[in-house]
Amino acid sequence: MTVTETALLEGVPDRLFIGGEWVESTSGRAIEVRDPATGLVLKTVADASVADGARALDAAVAAAPSWAATPARERGEILRRAFDLLQERREEFALLMTLEMGKPLAESRGEVTYGGEFLRWFGEEAVRIAGHYGPNPEGTGTMVVSHRPVGPCYLITPWNFPLAMATRKIAPAIAAGCTSVVKPAELTPLTTLLFVQLLADAGLPPGVVNVITTSTAGDVSEPIIADPRLRKLSFTGSTPVGVSLLRQAAGGVLRTSMELGGNAPFVVFDDADLDKAVEGALLAKFRNVGEACTAANRFIVHESVAEEFAERVTAAVSEFVVGRGTDDGVRIGPLINDEAVAKAGALVDDAVARGATVRTGGAALEGDGTFFAPTVLTGVARGSDILREEIFGPVLAISTFADEAEAVAMANDTQYGLVSYVFTRDLARGQRMIDALDTGMMGLGVGVISNAAAPFGGVKQSGIGREGGALGIHEYLETKYTLIAPAS
Ligand code: NAD
């Protein structure tokens, strides 16, 4: 580790943040956070027990009335200060994410920008929580529709975007006047711990955001979700865990937001601008080492351009530099752990067994860390596991289609419905695809769509609700209708 890295890690809090204080866990255990590029321990942090989870919820419940009563302008200004502080400290946050998650430093800087935008956006939205007002159609009285904070929230985040997945939930909760308990992924808790300190530095009162890190997510979460004082569960992670959490949330009829897995189709028509399609493909597939819910999972390419597309992406991918995300020029960092490497390998092997061709890469890399060679597969047959499961790794799998109807059928042949990507020069076809593809989001001619100002979310088993944009704050607001009798 470099001197800069050691100094940064020393400054990252290692305890639980409850009621505005850093407190020890009562479990007597600790979590070792590792650098996936080397396998070495970066830092040891507190491992929350069930009792710690309860304490964190107590703190969120205690702070809820005063936070809900805090003027929206004040809530917004705290978020704006947090945005400014994050810009000042962007290099620290970028390096920390690369250390604990593995992505190249340039991409971590991009995540600081993206994640920070939620602070700015919801800081602005805090003062625009408008309702509506109008006459009762029957003529007797006035209807008023207003919004108020939903109440204490439990926010669970994944490891793949350690900052942005946290700010995408924490910022709208703060803006709406809700308090929360945040549980980051045990693989990447450091960014959230550093971030909550930044929120406190920005003036966030004690108890508004509490953070618990734990290696026993299920045991600690269950009683929090079952507690009748909790009013909202927001989760980003895999679909199987989301389904189990929805079952638990049903017990308390909780409001839920679920940002779950994806299996994005990337459709290239014969009339596409291939330069743009290749550029979009490399971004949609290899950003975040392929570990993104929005990652293109299935490349569905017209048979007349498939070979040229494959040659061009293979030429680019075989030049990618693989290594520790801190090193200059690295495009592909390590995968998060051994299981992720094994999964990518198994999906490639299954595709090859069913007739696919490896054009480059195809296997894990020897040596330290959890690296998988950036891979291009062609001729991926229907029925291959790789077309059904999230790859979550740097593997670009190409299948072909003959006509538009077949492309649509192939693209929609999945339980997921997060995002799709379409490349065509034909505007009418593009419009037909907007209607035809069952996804919550679409990139038409682009390979990256995430934006704090847009409603992010999926349909089918990719989730419920939207984060970001004008809708994002409503995930944390209840609607209240009041009928006011006519003046007598
Ligand atoms: P995961 O489901 O394993 O874990 C996500 C979070 O849930 C972690 O904090 C984990 O500790 C926690 N968790 C796990 N089991 C739990 C339980 N029983 N009770 C409570 N919490 C529990 O997912 P992951 O591997 O961290 O993240 C990758 C997944 O997240 C992929 O499927 C990806 O598509 C999805 N994802 C979705 C979005 C989106 O916006 N739709 C964004 C990023 C990631």
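How far does a polar side-chain atom of K183 lie from an oxygen atom of the ligand? The distance is 2.9 Å, which falls under the definition of a polar contact, a pair of N or O atoms within 3.5 Å.

Colleagues, a word on the source. This is a predicted model, in which local features need pLDDT of at least 70 and side-chain atom pairs count only at pLDDT 80 or more, while totals for chains, interfaces and linings use all residues. Residues are numbered from 1 along each chain as its sequence is written, and side-chain values use heavy atoms, with hydrogens and water left out.

A polar side-chain atom of E186 lies 2.6 Å from an oxygen atom of the ligand. G237 contributes through its backbone: an N or O atom there lies 3.3 Å from a ligand oxygen. Of the 840 Å² of accessible area that the ligand has on its own, the protein covers 86% (Shrake-Rupley method, 1.4 Å probe).

Next, the shell. The ligand is surrounded by 29 residues, each with a heavy atom within 4 Å of it; the closest are T157, R168, E186, S238 and E390. By type, 15 residues of the shell are nonpolar, nine are polar, with Gly counted here, and five are charged.

Which elements each supply at least two residues of this shell? They are α6 (164–176), α8 (217–226), β10 (232–236) and α9 (239–251), and α8 gives the most, with three residues.

Finally, the domains, whose bounds come from an automatic or database domain assignment. The ligand lies between domain 1 (3–260 + 462–481) and domain 2 (264–451), because both give residues to the shell around it.

Terms used:
A polar contact is a pair of N or O atoms within 3.5 Å; within protein, one must be able to donate a hydrogen and the other to accept it, and residues adjacent in sequence count only if both atoms are side-chain atoms. Helices (H or I, at least four residues) and strands (E, at least two) are DSSP runs, numbered from the N terminus.
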